[in-house]
Amino acid sequence: MKTLDYALKVTRELGLSGESSCIDRQKPLRMYIAVDGRLPGHPDHDVALLWTERHGWAIAVEDGAELTVVAHLGGAVEPPPRTVAKWVERLLGQSSSSDTVSSASHAGQVA
């Protein structure tokens with residue numbers, strides 16, 4: 001499956017094992033990848049990388065089973081895995097704001 005291959009490439013580019021990730025194959029396709037580290041401004045929350053075939057990549061903070069999206073990558077729905085990894089690394093290392101991401105605020109359930 002093309003989506004599974006893409007998810008594995010992104011996971012590897014992030015230096016993760018993929019143990020804490022999943023793909024929801026129902027339409028629209030969705031991915032969830034747990035990310036090591038914390039986002040500035042959310043030091044007590046786990047971080048997840050989310051993908052949908054309609055909207056591309058977003059990064060979210062977790063509060064139990066609730067996910068709150070804090071930024072979208074924008075651009076192509078399936079950018080190169082290295083682009084995704086660099087974006088995540090920038091977000092994890094930034095102080096409090098950046099003009100390289102578009103912010104969002106909506107909650108969702110873990111798939």
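**Crossing of the helices.** A crossing counts as left-handed if the near helix is turned anticlockwise from the far one by less than a right angle, and as right-handed if clockwise. With that noted, I looked up H1 and H2, and their crossing is right-handed.

**Ground rules.** I'm working on a predicted model, where local features need pLDDT of at least 70 and side-chain atom pairs count only at pLDDT 80 or more, while totals for chains, interfaces and linings use all residues. Residues are numbered from 1 along each chain as its sequence is written, and side-chain values use heavy atoms, with hydrogens and water left out.

**Overall layout.** I listed the elements and got two helices and six strands; both kinds are DSSP runs numbered from the N terminus (helices are H or I with at least four residues, strands are E with at least two). Read from the N terminus, the order is α-β-β-β-β-β-α-β. Burial next: 36% of the 111 residues count as buried (buried is under 20% relative accessible area, exposed over 50%, partly exposed in between, with a 1.4 Å probe and protein chains only). I also checked contacts, meaning heavy atoms within 4.5 Å. Of those with a separation of 6 or more, 47% come from residues 24 or more positions apart.

**Back to the helix pair.** Which numbers do I want for two packed helices? The angle between their axes and the distance between the axes. For H1 (residues 2–13) and H2 (residues 81–93) I noted about 45 degrees, with the axes 8 Å apart. The axes are lines fitted to C-alpha atoms, for helices over the stretch in contact, and angles run from 0 to 180 degrees between N-to-C directions. H1 and H2 are therefore oblique to each other (under 35 degrees would be roughly parallel, over 145 roughly antiparallel, 65 to 115 roughly perpendicular, and the rest is oblique). On the H1 side the contact uses Tyr 6, Lys 9, Val 10 and Glu 13, and on the H2 side Pro 81, Arg 82, Val 84 and Ala 85. I sorted these contact residues and got five nonpolar, no polar and three charged. For the sorting, Ala, Val, Leu, Ile, Met, Phe, Trp, Tyr, Cys and Pro are nonpolar, Asp, Glu, Lys and Arg are charged, and the others, Gly among them, are polar.

**Rings.** How many aromatic pairs are in the whole structure? My search gave three. Rings of Phe, Tyr and Trp (its six-membered ring) pair if their centres lie within 6.5 Å, and planes under 30 degrees apart are stacked, over 60 edge-to-face, the rest tilted. Tyr 6 and Trp 51 have ring centres 6.3 Å apart and planes at 65 degrees, so I logged the pair as edge-to-face. That pair links distant parts of the chain, Tyr 6 in H1 and Trp 51 in strand S3 (residues 46–52), 45 residues apart. Tyr 6 and Trp 57 also pair, at 6.0 Å centre to centre and 50 degrees between the planes, which is tilted. Trp 57 sits in strand S4 (residues 56–63), 51 residues from Tyr 6. Are they buried or exposed? Tyr 6 and Trp 51 are both buried, Tyr 6 with a relative accessible area of 8%, and Trp 57 counts as buried at 1%.

**Leu 73.** I found Leu 73 in the loop between strand S5 (66–72) and H2. Leu 73 is buried at 16% relative accessible area. Leaving out residues up to four places away in sequence, Leu 73 touches Trp 57, Pro 79, Val 84 and Trp 87. Its C-alpha atom is 6.0 Å from that of Ala 58, 15 residues apart along the chain.

**Gly 37.** This one is in the loop between S2 and S3, and at 38% relative accessibility Gly 37 is partly exposed. Outside four places in sequence, Gly 37 touches Val 47 and Leu 92.

**Asp 63.** I placed Asp 63 in S4, exposed at 55% relative accessibility. Its C-alpha atom is separated from that of Asp 46 by 7.6 Å, 17 residues apart along the chain.

**Cis peptide.** Which residues does the cis bond join? Lys 27 and Pro 28, with omega about -5 degrees. Pro 28 lies in the loop between strand S1 (21–24) and strand S2 (30–35).
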